[in-house]
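Please look through the model shown here with its aromatic rings in mind, and then follow one of its strands into the sheet around it.

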Amino acid sequence: MRAATLWKILLAAVVLIGAIWLVRLDVPVLSVLLRFGLLAVAILLALYLLWRLGRRLLWGVGRRLAFSYFLIGVLPIPMLLLVSVIVGYILNGFFLGHLYRDAVGGVRADLEHHAQQVLVDRDLGSTALEDVAFARYENGSRVGGSELAPADWPQWLEPGDETRSTARPRGSFVALPDGRPTLAAAAGSAERGVVAIHVGDLERDLRRRSGVWIQLLRSDAPEQPSLIQVQLGSYRIPIRPPDVKRGAEGRNDFFGIDEGVEASWYERPIVWWGELSPSLVSLEDGSEVAAYVVASLNGSPQRSLERFFSGSAEVDTAAWAALIAISGLLATIYLFAVIMALAIIVAITHAVNRLSRATSAVRTGDFSVRIPTRRRDQLGELQENFNRMTAHLEELVETAAQKELLDKELSLARDLQERLLPTELPTADAVEFATLFEPSAAIGGDYFDILRIDQDRLAVVIADVSGHGLPTGLRMAMVKAALVILIEEAKPPRKILSRLSELIRSSDEQRYFVTATIAVVDFRRGVVEITNAGHPPTYLLRGGSVREILLPGPPLGTLGGGYAQESVELDDGDILVWLSDGLIEGTDPAGEPFGYERLAEALEGDFANPAEARDELLAALAVHTAGHPADDDRTLVAMGYRRES
């Protein structure tokens, strides 16, 4: 389909679907289908336009080279930068999570230390901490301390009891009576133990320890306009978006961003990460009150780099200097590659444009065009080859014209040769003919003819002139003319062959030979007289059997004489086959000839007419040769005899 036709069809489809859609038929299914159809057509139209635009823009070799270089040498750089940014963001998030976990572990370790100290001192007031509350237990019951602690010993908080089936993970957050998540630790046992609970602002302490803005959110936190819910598998993570307008405890002050000052991206908390902690459990009995606690983490690249890199100015300076040096080296190499690529693109484009202009000139018939060759590479060799081609093109065109003229002359000669062969075979109630003539070249050397002698007799002639091509065709025409004249004079076959042999020997041209067989058929008496001059045997097919009539004799054009002759009486249903050696010498792909034995086997059998015998022989030959081309002309004349009542 032509591009213009496709464009019209797509445009008509868009207009039709758009018109139907605008009607707004109140059929829901039809409306959905129409919208999908319009979308599909629009996508196809966009793809087609992109394809046409790409073909137009990239038609020139220079543009294609430049586009290829852009895809290979330029596009990967921003893609690599993008991947680097994504990887850097993920690594920064991992680092924020690491800082958060370290801070939580530090708070928990401090609680365990303080609890152990109170347990040893046996005095709840020995460790006065503003953000930590203590409770002392004896014989499994609370005997003093904060009312926030459970009344009974929290066995699930004991150190090293994580392997018990009833224990809660020590990493779990605990819920204060107001629902806020916090951390607690225990020291000792139910007989005598101490529980320490962080009752202050846990988020503030974690931020101070980690340098990361941390917000602890329960999994069952009610949905609020200020929260964003992120679904990760079976976890629903509430996220509080950045708030840079807070006061002294707000994020603005935490990250050192002054009021009214526009901070750079490097200083702003642009990195968000999330950490899931184990289930939130009740401080009273250890039962689960929330599936998990989400720590929403925000950090700035500046804070991450300050904590990630070395604190030594000398080490930092050396590291950054090495990085800058390597980056400069890579940038220099890339710049050199860009310059080389541009030079190659310009050179190739210039050479291709010259070739394009030169070929356009040759297409218009100007064979004198030449391309200046200064390059010493493959393009220069291509230009030199183009110059050689144009130098010989006119000669080739002239040679082609001569060949075309010769082909026309050969065609005329071939038509003339075909006219020399009988077009209308003599008809009689007693005889029926089937023939074959397949020259191996444009002009063949084989010849056959069937000539009427008188009312009761006719002559069957088959001959093979040595050689191929136009000279052989001319010799065959001469033999044909002489045969017709001699047969019309009613001369005996031996006399005819002798006269032809003398005629061939008297020729001034290069010596050639002719094999021939003349068979005079008297269909009234049922007798055929066969005279042979070096030609292959005649085959008599009678009652399913084959008789080879071999008559030795010298070819025409030699000094020998004495052409063999034999008379054969014909029975009703007999078939006589005369053929040239091209059928006998037909070879298979391995070079093995068809041979006399295979030929005789192919002619065995009862045939209703001579055409069946001919076709059976040709089929057997085709199986043997398996498509191998013929090396010699193939000629056959088959005659069937019916005795007249």
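How many aromatic pairs does the structure hold? In this predicted model, the structure holds 2 aromatic pairs. Phenylalanine 94 and tryptophan 273 form an edge-to-face pair, with 5.3 Å from centre to centre and 85° between the planes. This pair links distant parts of the chain, since phenylalanine 94 belongs to helix H4 (residues 76–121) and tryptophan 273 to strand S10 (residues 271–277), 179 residues apart. Phenylalanine 94 is partly exposed, at a relative accessible area of 47%, whereas tryptophan 273, at 18% relative accessibility, counts as buried.

The rings of tyrosine 137 and tryptophan 153 have their centres 5.4 Å apart and their planes at 75°, and because planes over 60 degrees apart count as edge-to-face, this pair is also classed as edge-to-face. Tyrosine 137 sits in strand S1 (residues 132–138) and tryptophan 153 in the loop between strand S2 (141–145) and strand S3 (174–175), so the pair ties together parts that are 16 residues apart in sequence. Both tyrosine 137 and tryptophan 153 are buried.

Turning to the strand, 9 of the 9 residues of S17 (residues 514–522) are buried, so S17 is largely enclosed by the rest of the structure. Strand S16 (residues 457–465) runs antiparallel to S17 and is joined to it by 9 bridges, and arginine 457 has aspartate 522 in S17 as its bridge partner. Strand S18 (residues 527–533) is likewise antiparallel to S17, with 6 bridges between them, and isoleucine 518 stands opposite threonine 531 in S18. S17 and S18 form a hairpin with 4 residues between them, and glycine 526 in the turn has a positive phi of about 75°.

Terms used: Residues are numbered from 1 along each chain as its sequence is written. This is a predicted model: local features need pLDDT of at least 70, side-chain atom pairs count only at pLDDT 80 or more; totals for chains, interfaces and linings use all residues. Side-chain values use heavy atoms; hydrogens and water are left out. Rings of Phe, Tyr and Trp (its six-membered ring) pair if their centres lie within 6.5 Å; planes under 30 degrees apart count as stacked, over 60 as edge-to-face and the rest as tilted. Helices (H or I, at least four residues) and strands (E, at least two) are DSSP runs, numbered from the N terminus. Buried means under 20% relative accessible area, exposed over 50%, partly exposed in between (1.4 Å probe, protein chains only). Two strands pair if DSSP finds at least two bridges between them.
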